[in-house]
Amino acid sequence: MHPLSTKIPGLVWGYVINASSGRATRFSPETDPTDIRIDEGSFVWLHLNLADARCTAFLENFPGLTEQARAALTTHEAHAALTVDEQAFYGTLVDFQREFDATTRDIGWLHFALSNGFIITTRLQPIRSIDPVRATIEKNAAKFRQPIQIFEALVVEFQRGIMSVVLELTDELNAIEDFVYDSELRDERRRLAPVRRVVVRLHRHLRTVLALMRRAAAADDDELPSGFEDVAERLVNRLEAADNDVYALQERARLLHEEIDSKLSSETNRHLYVLSLMTAFLLPPSLVTGFFGMNTSSLPFAEGIGGTLWAVGFIAVSIIAAWLILRRADIL
């Protein structure tokens, strides 16, 4: 559904969820913004596409949204943020972008604002976590009796997405590890670099979301939306478990990188060692040939057939002498 074909600006989908009956009614493309009603015992979920420039004007007239919440819904800033203020909860969640036929490892941003009667989510690119939550509402809307529970479901889906990525990255690290610890030396740093980049970004964003979630849960009770404390505690536990797995993966990737560097350094040192030996063996013959090639008069063996043989003999003797010296010095 193209966002411009809907009367509600940027509408991807919207639901009215009746908490008492456990039923969800989806908005049609013809639903007028003035027809949105939040009755007692129900709440609204609107998911909007920020590519529609009309969203800002629509959100300015949405009842119950503070100026800060509207700014959080329409921002294009790419960092996580969570704020609790006067029974409202708003900010930006990190997630994975989704293509038409598959999910990606690219980081995307989901903006949200919720109160006791509504939850609004906005995004620029399609986000992975949104569709599974919508499918759950279609099948079993009774699971969601408060807007904060939809927020919880979105974060849980993000955590599941992280675990899927962790399993994929683990398989990639296993394949790299097999080559790294093989007897044949192979430089796997090019394959390892994208894995480390994804893991580092995930760990950074997870730590940020965890810190923000703990700070939001520490707010005054009169500022928290209904049910927020229990939801925050469950989400912190889930995200901590995911962060531990990501951190373990990060450490494993770091150790693999160090092992690759160590093996390459050892190989480089071995090459330098061989090169040094060749230099040590060739230096005495160079002195001999330099001696016989000097443009000075009255040099020994400058005349006669036997001069070449003497020169070859001196070269052989110098190589043997160099070998004996290196052996005595425990270099060979």
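## Terms and model

Buried means under 20% relative accessible area, exposed means over 50%, and partly exposed lies in between (1.4 Å probe, protein chains only). By that scale Glu138 is partly exposed, with a relative accessible area of 43%.

This is a predicted model: local features need pLDDT of at least 70, side-chain atom pairs count only at pLDDT 80 or more, and totals for chains, interfaces and linings use all residues. Residues are numbered from 1 along each chain as its sequence is written, and side-chain values use heavy atoms, with hydrogens and water left out.

## Overall fold

The chain holds 7 helices and 7 strands. Helices (H or I, at least four residues) and strands (E, at least two) are DSSP runs, numbered from the N terminus. Along the sequence their order is β-β-β-α-α-β-β-β-β-α-α-α-α-α.

The chain has 332 residues, and buried ones make up 41% of them. Its accessible surface comes to about 18200 Å². Carbon and sulfur atoms account for 54% of that surface. Areas come from the Shrake-Rupley method with a 1.4 Å probe; for residues, only the protein chains shown count as cover. Contact means heavy atoms within 4.5 Å. Among contacts between residues at least 6 apart in sequence, 68% join residues at least 24 apart.

Strand S6 spans residues 103-114. Of its 12 residues, 9 are buried, so the strand is largely enclosed by the rest of the structure. Two strands pair if DSSP finds at least two bridges between them. S6 runs antiparallel to strand S5 (residues 88-98), joined by 9 bridges. S6 also pairs with strand S7 (residues 118-123), again in the antiparallel sense, over 4 bridges.

S6 and S7 form a hairpin with 3 residues between them. Leu114 has a place in both pairings. Its bridge partner on one side is Phe89. In S7, Leu114 stands opposite Ile119. In a regular strand the side chains alternate between the two faces of the sheet.

## Salt bridges

Side chains of opposite charge can pair when their charged atoms come close. A salt bridge here is a side-chain nitrogen of Lys or Arg within 4 Å of a carboxyl oxygen of Asp or Glu. By this rule the count is 14. One of them joins Glu138 and Arg26 at 3.7 Å, N to O. Glu138 lies in helix H3 (residues 130-139) and Arg26 in strand S2 (residues 23-26), so the pair ties together parts that are 112 residues apart in sequence. Arg26 is partly exposed, at 40% relative accessibility.

Arg105 and Glu168 meet in a salt bridge of 3.3 Å, N to O. This pair links strand S6 with helix H4 (residues 147-180), across 63 residues of sequence. Arg105 is partly exposed at 27% relative accessibility. Glu168 is partly exposed at 40%. Arg128 and Glu157 form a further salt bridge, 3.8 Å from N to O. Arg128 sits in the loop between S7 and H3 and Glu157 in helix H4, so the pair ties together parts 29 residues apart in sequence. Both residues are buried. Elsewhere, Arg98, Asp131 and Arg134 are linked in a network of salt bridges.

Ser129 lies in the loop between S7 and H3. Its relative accessibility is 0%, so Ser129 counts as buried. A polar contact is a pair of N or O atoms within 3.5 Å; within protein, one must be able to donate a hydrogen and the other to accept it, and residues adjacent in sequence count only if both atoms are side-chain atoms. The side chains of Ser129 and Asp95 make such a contact at 2.4 Å. Not counting residues up to four places away in sequence, Ser129 touches Asp95, Leu154, Glu157 and Phe158.

His47 belongs to strand S3 (residues 42-49). At 2% relative accessibility, His47 is buried. Its side chain makes a polar contact of 2.8 Å with the side chain of Thr121. Beyond four places in sequence, the contacts of His47 include Trp13, Leu110, Thr122 and Ile130.

## A nonpolar surface patch

Leu272, Tyr273, Val274, Leu275, Met278 and Leu282 form a nonpolar patch on the surface. Together they have about 560 Å² of accessible area. Patches are made of residues with over 30% relative accessible area and no salt bridge; like charges are joined within 9 Å, nonpolar side chains (Val, Leu, Ile, Met, Phe, Trp, Tyr) within 5 Å. Met278 lies in helix H6 (residues 228-292). Met278 is partly exposed, with a relative accessible area of 45%.
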